[in-house]
Amino acid sequence: MSSSAISNISLFTQKYTFYTSLIIFCIGFIGNLINILIFTTLKLFRNNPSILYFTAESIANTIQLILFFLMNILIQVNETDPANLSLFWCKFRGMMISLCTLVSFSTICFSASHQYLSTSHHFYLRQLSTVKLARFLILTSVIISMLQTIPFGIFIEIQASVCAIFNQNMLNYISYFYYPVLSGLLPVLIASAFSILAYNNVRRIVRKQMPVVRRRLDQQLTAMILIRIIVFIVLTLPYDIQRMYTYIAKVDQSNQLYYAIINLIGSILVTLFNLNYAVSFYVFLTTSVRFRRQVKRVLVKKCWGQCKRCFFNNNNKVHPFGMRGSLTSSVVVQ
C-alpha cells in the first residue's frame, strides 16, 4: 500500500512538473517577447529607466524559461536528469539559474527605486533617475550576479548519480544567505519599500499641476510596478521558505513516503516561483488599461499592418514586363 502510494505520488510529481513547465514556458515566452516588443517600439517608453528595467527583466526571464523548459524536456525524454550524468550540464544549469534569478529580481528592485526617484517632488532626486544610471545598474547587477555564481560552479558536483551541493559551508551559505537574503527577503523588502514610496509620490503628482502626459505615464508605470511586486512577493516567499526548510531540516530520504510528499509540495512551490518569469506581461495587461491599448496599437496597427503590406502588396504588384508587353500590343493594334 505504501509502495503503491509512493510510486503514484512520484509519477504524479513528474507529470505535473512536465506539463506545468510546458504551460509556463509557452505563456512566458510569448509574454516576454511581447513585453520586449512593446517597450522597444513605442516612443512614449523610450528614455525611461523603468522601461529599460522591464526590458532587461524580460530578457533574463526568457533565458530562464528556456533553461527550465530544456531541463524538464530532457528529463522526460531520457527518463533521467542529464545533470546527473554530465558534470558540465550540472554546473552550467546551477550557475545560469542563479544568474538569471538574481538579474531578474534585481531589475524588479531597480524599477521600483527608479519609479520612486522619477516621481519625487525633490528635483535632485528626479535628476538621479536617468537612462545612463539604469544601464550602469543593470551591467553592475549582471557582473555581481556572475561573480556570485562562481561558488555554485565550484561546489556543485555529482555524487552517487545526483547533481547537488554537498559541501557543508556552501550549504550554509545557501540556507542562511542565498535563499533568505539574496533571492528572498532582500529583493522583497527593497521592492516593497520603493513601490510604496513611489505610490505616495504619484498621489502628490495628481494633486499638483503637472503635465497630463507625464502624470498619466507616472500613474501607469507605478500601478504596473506596484501590482508586479505584490505578485512577486506572493510567488517568491513560499518557495524560499520551503527551500530553507529543505536545507536546514535535512529531510530524511529513508522515509520514502514523506520524501515523496515533500517533493510534490516542492514541485508545486517551484511552479509558483517559476511563474515570476512568465507573468509580468499578463500582470501589466490586467492592471493597466493604457497598456492594453498600447499592446493593441503595436500588435494590430503596426505589426499586423506591416505584415499585410508585405504580403498583400507583393501579390498585387504587376510585373513591369507584363505592363510593357500590353503597351506594345496596344500600339501594334492601333
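Positions from UniProt are given in the numbering used here, with shortened feature names, and such annotations may be inferred rather than shown by experiment. With that caution, the annotation "transmembrane region", taken from an unreviewed UniProt entry, covers residues 16-39, 51-75, 95-112, 133-156, 176-200, 221-239 and 259-285. The structure examined against this annotation is a predicted model. Over residues 176-200, one of the annotated stretches, the chain is 100% helix and 0% strand, and the C-alpha atoms at its ends are 34 Å apart. The stretch of residues 221-239 is likewise 100% helix and 0% strand, with 27 Å between its end C-alpha atoms.

A search of the whole structure for disulfides finds 1, which is formed by cysteine 90 and cysteine 163, whose sulfur atoms lie 1.9 Å apart. This pair links distant parts of the chain, since cysteine 90 belongs to helix α3 (residues 87-118) and cysteine 163 to strand β2 (residues 162-165), the two being 73 residues apart. The torsion about the S-S bond of cysteine 90 and cysteine 163 is about 90°, and the disulfide is therefore right-handed. Both cysteine 90 and cysteine 163 are buried. Cysteine 100 has a relative accessibility of 4% and therefore counts as buried, whereas cysteine 26, with a relative accessible area of 35%, is partly exposed.

Within helix α1, which spans residues 2-41, lies threonine 20. Because its relative accessible area is 15%, which falls under the 20% cut-off, threonine 20 is classed as buried. A polar atom of the threonine 20 side chain is placed 3.2 Å from the backbone oxygen of threonine 17.

Technical notes. Residues are numbered from 1 along each chain as its sequence is written. This is a predicted model: local features need pLDDT of at least 70, side-chain atom pairs count only at pLDDT 80 or more; totals for chains, interfaces and linings use all residues. Side-chain values use heavy atoms; hydrogens and water are left out. Helices (H or I, at least four residues) and strands (E, at least two) are DSSP runs, numbered from the N terminus. A disulfide is a pair of cysteine sulfur atoms within 2.5 Å. Buried means under 20% relative accessible area, exposed over 50%, partly exposed in between (1.4 Å probe, protein chains only). A polar contact is a pair of N or O atoms within 3.5 Å; within protein, one must be able to donate a hydrogen and the other to accept it, and residues adjacent in sequence count only if both atoms are side-chain atoms.
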